[in-house]
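Subject: Structure handover

Hi,

Here is the structure I promised to pass on. Please open it next to this email and follow along.

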Amino acid sequence: MDTSNSHEIIASEITPLIPAKGSKKPKTPLPKLQIGILITLQLAEPIASTSIFPYINQLIRELGITGGDDAAVGYYAGMIESLFFVGQALTVLRWARLSDRIGRKPVLVIGLSGICITMLCFGLSTTFWGLVISRCVCGFLNGNAVVMKTMMGELTDSTNMAQGFALIPIVWSIGSFLGPLMGGTLARPQDHWPVLFSGSFWRNYPYFLPCAVAAFLLVLAIVTMSIFLEETLSTKRRTKFTSTTVGVSSSPDRESLAQKSMANTSLRSLLTPSVVIPIANYAMLSFLDVSFRVLLPLFFSTPTNLGGLGFDPATIGSWMALFGITDGVFQAFFFARIVDWIGPKRLFCVSVSCYAPLMAMFAIMSWILRARGEVDHAITFALLCQLAIVITWDMAYGTIFLYITASAPTNNVLGAINGLGQTSAAVARAVGPAFTTSLFAVSKEYNLLGGNAVFVILIVLAGGLRWLASQLPDEVRDRDE
């Protein structure tokens with residue numbers, strides 16, 4: 001009797017057909033080149049969108065539409081910041097569905113080109129309605145965020161998805177560092193560098209330079225994408241890319257069948273609890289986050305007699321840049337490890353619980369300023385504490401992206417799922433700035449709760465997000481099952 005064969009038979013019989021639940025699959029290496037190009041494209045968008053934050057409040061004042069009432073600046077600044085998301089909410093789902101049919105790259109070209117042109121128009125606008133139209137059109141043409149998240153989902157699998165999606169908030173953080181720094185530094189160049197920018201053009205259009213630099217970066221992004229980025233949609237990508245892309249079938253027949261199935265899938269059939277709950281969390285997260293993002297420069301620029309810090313655009317840009325780069329570095333080195341350590345649901349719950357202290361820091365800084373009478377080291381320490389809280393809060397984004405991507409029943413509806421999520425987020429972001437800045441203005445104008453009513457209301461809403469977070473599944477579904 002062959003003993004070696006008998007040992008093999010015994011080993012085969014005692015080997016479980018289904019792997020143990022606690023066992024982990026080895027991580028698939030990320031396709032570094034393609035993801036590197038994708039995050040480079042993502043970097044251009046936050047730079048363009050956040051570069052207006054340091055000077056938008058001053059621009060509103062200079063247009064004269066507030067009649068010299070500094071407390072009313074928030075109404076108009078919030079309106080302009082909201083209009084981009086209004087336009088995006090109306091069209092982003094259509095862009096997502098279109099990318100499922102014609103490919104991801106064509107939609108990205110349209111979106112990046114639209115941002116580029118409208119940024120130039122924004123810099124050349126000398127009326128409030130000119131600013132309104134340019135921001136609306138920018139939102140209408142922009143389906144980039146949803147397409148990029150879909151591409152990230154197609155470039156990763158269940159073993160490396162946390163690593164891939166961790167890069168999205170990192171890139172936004174870096175963009176949020178470079179954008180405000182660029183906007184605050186380059187705004188009104190005739191004041192900073194009168195020798196180089198002494199012409200009448202710069203006096204008539206003092207905020208064109210940061211918009212022009214942002215547009216130039218977008219042009220570079222379009223050229224880079226056109227040359228180097230590969231298509232990830234199964235029916236549109238080249239054979240070479242098909243064979244090297246992680247976790248994607250190379251069978252043309254199966255791809256065509258899947259694409260046909262996608263075309264016949266109604267959006268209503270996708271609205272299952274496993275899809276709706278992560279999207280609801282994403283929408284509420286987006287509302288609260290954009291509210292904080294618009295409150296930060298508004299609080300910085302508000303005069304000290306109204307409870308703000310009275311910073312100039314350059315100082316605002318520097319502080320927002322510090323927030324962005326510190327957040328980005330932390331996310332880059334620690335996010336994926338923390339997800340593996342404590343799990344996605346627990347991390348999301350911890351992150352969203354940080355919103356209450358985040359808002360409380362605004363009220364604390366107003367109290368410190370009233371007590372001490374000037375912006376000194378105590379305010380600096382409070383800002384650094386707020387920065388630490390922001391870092392924890394921002395980990396919620398990378399976590400909820402994991403849930404939304406994993407909620408797609410098949411990859412061929414991933415674009416539609418991301419489109420639903422981005423539409424919900426865009427609606428929330430459209431409402432958020434106008435609601436929050438108006439509430440800020442009312443709080444200061446009528447001294448509601450000592451001027452802090454806006455922060456109290458947002459803390460109450462954050463309690464709703466914490467409840468939604470508890471409804472998420474304990475584990476992210478394995479997309480490869």
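Aspartate 376 sits in the loop between helix H18 (355-372) and H19. Keep in mind throughout that this is a predicted model. Is aspartate 376 buried or exposed? Its relative accessibility is 13%, under the 20% cut-off, so aspartate 376 counts as buried. Its side chain has a partner too. A side-chain oxygen of aspartate 376 comes to within 3.1 Å of the backbone nitrogen of alanine 378, at the start of H19.

Now follow H19 itself. This helix covers residues 377-407. How far apart should its ends be? At 1.5 Å a residue, its 31 residues should span 45 Å. The end C-alpha atoms are 47 Å apart, which agrees. Of those 31 residues, 24 are buried, so H19 is largely enclosed by the rest of the structure.

Start with aspartate 394, which lies in H19. Aspartate 394 has a relative accessible area of 5%, so it is buried. What does aspartate 394 touch, once neighbours within four places in sequence are left aside? The contacts are Pro169, Ser173, Asp289, Arg293, Asp327 and Gln331.

Next comes alanine 396, also placed in H19. Alanine 396 is buried, with a relative accessible area of 0%. Again leave aside neighbours within four places in sequence. Alanine 396 is then in contact with Leu285, Phe348, Ser351 and Val352.

How do the two helices lie against each other? Two packed helices are described by the angle between their axes and the distance between the axes. Helix H17 (residues 344-352) and helix H21 (residues 453-470) pack at about 175°, and their axes are 9 Å apart. That angle makes H17 roughly antiparallel to H21. The cut-off here is 145 degrees: angles over it count as roughly antiparallel.

Threonine 423 is found in H20. With a relative accessible area of 16%, threonine 423 is buried. Which residue lies 331 places from threonine 423 in sequence, yet 6.0 Å away in space, C-alpha to C-alpha? That residue is valine 92. Valine 92 is also one of the contacts of threonine 423, along with Ala89 and Leu93, when neighbours within four places in sequence are left aside.

Most residues other than glycine have a negative phi. Arginine 188 has a positive phi, near 50°, and is not a glycine. It is found in the loop between helix H8 (161-186) and helix H9 (189-192). Its relative accessible area is 21%, so arginine 188 is partly exposed.

Asparagine 447 is the second case. Its phi is positive, at about 55°, although it is not a glycine. Its place is in the loop between helix H20 (414-445) and H21. Buried or exposed? Asparagine 447 counts as exposed, at 52% relative accessibility.

One more helix: H6, residues 128-140. It has 13 residues and reaches 19 Å from its first C-alpha to its last. That is close to the 18 Å expected at 1.5 Å a residue. Which of its residues are buried? They are Phe128, Leu131, Val132, Ser134, Arg135, Cys136, Cys138 and Gly139.

Finally, step back to the whole chain. How many helices and strands does it have? The count is 21 helices and 0 strands. The chain has 481 residues, and 55% of them are buried.

Best wishes

Conventions
Residues numbered from 1 in each chain as written. Predicted model: local features only at pLDDT ≥ 70, side-chain atom pairs only at ≥ 80, totals over all residues. Heavy atoms only, no water. Axes fitted to C-alpha atoms, helices over the stretch in contact; angles between N-to-C directions. Helix = DSSP H or I, 4+ residues; strand = E, 2+ residues; numbered from the N terminus. Parallel < 35°, antiparallel > 145°, perpendicular 65-115°, else oblique. Expected span 1.5 Å × (residues − 1). Buried < 20%, exposed > 50% of the residue type's maximum accessible area, 1.4 Å probe, protein only. Polar contact = N/O pair within 3.5 Å; in protein donor to acceptor, adjacent residues only side chain to side chain. Contact = heavy atoms within 4.5 Å.
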